[in-house]
Amino acid sequence: MNKEELNILKTALLLADQYFTGYCEFVDTNILTQEEIDEMDDEIEQERAQELFDYNKILGQAHAIIEKYNKK
């Protein structure tokens, strides 16, 4: 991966991160832990919380990959 491709991915990731943060602020929600999600009684709310948790986890993993390539 060349530097230009890395910068494109980094920019796309930052945009996704900003969108996600803005969405969470707009709907006034926090990312719950997996334990908190597992304890929820409402199945619909649990699915929604799990989606947010998974999305946040993917963003974190993507940031880690970008950082790994930045160090090379």
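Q: What do the buried residues of H1 pack against?
A: They pack against H3. Contact here means heavy atoms within 4.5 Å. This is a predicted model, where local features need pLDDT of at least 70, side-chain atom pairs count only at pLDDT 80 or more, and totals for chains, interfaces and linings use all residues. Residues are numbered from 1 along each chain as its sequence is written, and side-chain values use heavy atoms, leaving out hydrogens and water.

Q: Which residues of H1 are called buried?
A: Leu6, Leu13, Phe20 and Cys24. Buried means under 20% relative accessible area, exposed over 50%, and partly exposed in between, with a 1.4 Å probe and protein chains only.

Q: What makes up the largest nonpolar core?
A: Its 7 residues are Leu6, Leu13, Phe20, Cys24, Leu52, Leu59 and Ile66. H1 (3–26) and H3 (43–71) each give two or more residues to this core, and H1 has the largest share, 4 residues.

Q: How do you know that the span of H1 is close to the expected one?
A: The expected span is 1.5 Å times one less than the number of residues. H1 has 24 residues, for which 34 Å is expected, and it reaches 34 Å from its first C-alpha to its last.

Q: How does the radius of gyration of the protein stand against that of a compact globule?
A: The protein has 15 Å, while a compact globule of 72 residues would have a value near 11 Å. That rule is 2.2 Å times the number of residues to the power 0.38, and the radius is taken over C-alpha atoms.

Conventions. A nonpolar core is a set of buried Ala, Val, Leu, Ile, Met, Phe, Trp, Tyr and Cys residues joined through side-chain atoms within 4.5 Å.
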